[in-house]
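Hi there,

I am passing a structure on to you and would be glad if you took a look. Below it you will find my notes on what turned up.

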Amino acid sequence: MERGGRGLALPLGILTDSYKASHYLQYPEATRMVAYGEFRRGYDGDTADQRIVWYGIRHVLEQYIERRWTREDVDLADAFYSTHQAPTNTPYPYPRHLFLKFIEENDGYMPIRIQALAEGTAVLPHVPVFQIIAEDEYSPLCTFFETLLVQTWYPTTVATLSKRAKDIIARAFDESVDDGRESVLLQSRLHDFGFRGTTCVEQSVLGGVAHLLNFDGTDTLSAAYVAQFKLNDGRPVGTSIPATEHSVMTAWPTEKDAVDNMIRRFGGGLFATVMDSYDYQRALDTVVPAVSRDVVDGGGYWVLRPDSGDPKDAVLAALRAAEKAFGVTVNGKGFKVTNNVGVIQGDGLDVHVIEEILDAVIEAGFSAQNVAFGMGAGLLQKVNRDTLSMAVKLCQITYADGRTKDVMKCPSGDPSKCSLPGELAVQMVGGVPTVFPKASVAPADDLLRVVYDKRPVKRTERLFSEIREAVSSSWSALETCKADVDIVLSREIRAEVERSRRESRADVSTK
């Protein structure tokens, strides 16, 4: 491992799964191969709302696919593969000759073509989000970088989870906030607390930036920095406020002393303090009323943060203490808005708990605008590739003799894993990204645009703020059909699926 900030500095030839390195010997001889990536289900298997926010391919392209390979990459791969075969630590097969060939003949760039949907596009399951094409002698490399491309599951899943949380909070705003979901407060209602729970800095950036597609609030500075300076031309994206942690609170002689210090230093604006270092209810009953006048006189807004106990009970306890000490204003919809103080629940959250808390808050007569949420592991860690069931499958092959076969997987034991046959295109139909055979869609209408073509291509990247807008508009466009996955399969692609199934059954029956 190299020192000096260069990270792992891994050779490109090993950025795949072991078995993929040997696939060049397993495929039949071919002159062209096509594969595609899709998400096979809605978030965590939800069938009532199966919308997905596609995001993350730019990172994979810029950090890995667009890198120029060198002879050193092959030398390093050589050293590794020479002892990788189990159980004897002997040479493991990998396409060394193809690597050397494109280093010499293609200026070191992986000779594949990648098409992808624009980041921020909301889709339903089974819509191709990218497609890979490899030709001539490089055809067996079609799926070599599948491993890297599949990793787009992570930012896509976080972006989808964050958007679903925003929908839940927006519904509560519609019911109990004067401006409803149009309120500027909605943007700050879910705060990213997840940096410390991620496995590495890169994950904090990928997940944290995906969350910022939907909300402004974040303590994941790595993501806020990248979103602002790398993706949004320096324009601010993520924001936060001064806040204590338990070590701050317990460092002072009393909790009130710690709160007094926060009021002195930050009392003219927004600030937060954790309240359960010793006895949460006692702090609410004694500290909150003791400092209320100082908070009001300073003109600031104090956010109370419970960090243990039942989340719903903790939030309601804080709101009742705030009402008693600070008073409330009843808004135009008849709900109580606490004066100069609110609460952020940052412990033990997932989207279901958020919904339960908001239901309880509204039932108690309080407006949803009094409450914000902070998610750490629930936002950036408690997801996996199966949450949206991301997969890449071969869909077409042209053999060395010129025959072209549309390929599909359809296991009888699990129809949910069936893939689509043939080279594919995605066309917008009534606001819905819809799958067609490639041949039936004019190139200008195909939403799968070339993002890499045997070398980096000139791409016009949208600002992060523009992608945010695309998420909102494309997500809303799918509102009426969010439970209807079948709508994304065109009549033409359905016919291709049936034809491929018949041919597959015929092939099996003749063997």
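A word on naming: helices (H or I, at least four residues) and strands (E, at least two) are DSSP runs, numbered from the N terminus. By that rule, M428 lies in strand β15, residues 424-429. Residues are numbered from 1 along each chain as its sequence is written. Please keep in mind that this is a predicted model, in which local features need pLDDT of at least 70, side-chain atom pairs count only at pLDDT 80 or more, and totals for chains, interfaces and linings use all residues; side-chain values use heavy atoms, with hydrogens and water left out.

Let me stay with M428 for a moment. Apart from its neighbours within four places in sequence, M428 is in contact with P433 and L447, where contact means heavy atoms within 4.5 Å. Between the C-alpha atoms of M428 and D446, 18 residues apart along the chain, the separation is 8.2 Å.

Now the whole chain. It has 511 residues, and 53% of them count as buried. Its secondary structure comes to 16 helices and 17 strands, and its C-alpha atoms fill a box of roughly 85 × 55 × 40 Å along the principal axes.

Next, the strands. Two strands pair if DSSP finds at least two bridges between them. An open sheet of six strands runs in the order β14-β13-β1-β5-β3-β17, with antiparallel pairing. Its edge strands, β14 (404-406) and β17 (449-453), each pair on one side only. The twist averages 20 degrees from one strand to the next; angles run from 0 to 180 degrees between N-to-C directions, and axes are lines fitted to C-alpha atoms, for helices over the stretch in contact. Three bridges join β13 (residues 390-399) to β14, and Q396 has D406 in β14 as its bridge partner. Helix α2 (residues 57-65) lies across β3 (112-116), β5 (130-135) and β17, running at about 160 degrees to β3.

Elsewhere, strands β7 (residues 270-274) and β8 run parallel and are joined by five bridges. F271 stands opposite W302 in β8. Strand β8 (residues 301-305) is mostly covered, with four of its five residues buried.

Finally, two helix pairs. Helix α10 (residues 255-266) packs against helix α11 (residues 280-298) at an angle of about 25 degrees, with the axes 10 Å apart. The two are therefore roughly parallel; that label is for angles under 35 degrees, while over 145 counts as roughly antiparallel, 65 to 115 as roughly perpendicular and the rest as oblique. Among the residues in this contact are V259 and I263 in α10 and V287 and V291 in α11. By class, the contact has seven nonpolar, no polar and four charged residues (Ala, Val, Leu, Ile, Met, Phe, Trp, Tyr, Cys and Pro count as nonpolar, Asp, Glu, Lys and Arg as charged, and the others, Gly among them, as polar).

Helix α6 (residues 153-176) and helix α13 (residues 351-363) pack at about 10 degrees, with their axes 10 Å apart. That makes α6 roughly parallel to α13. This contact has nine nonpolar, one polar and three charged residues, including L161 and I168 in α6 and I354 and L358 in α13.

Best wishes

How values were computed: Buried means under 20% relative accessible area, exposed over 50%, partly exposed in between (1.4 Å probe, protein chains only).
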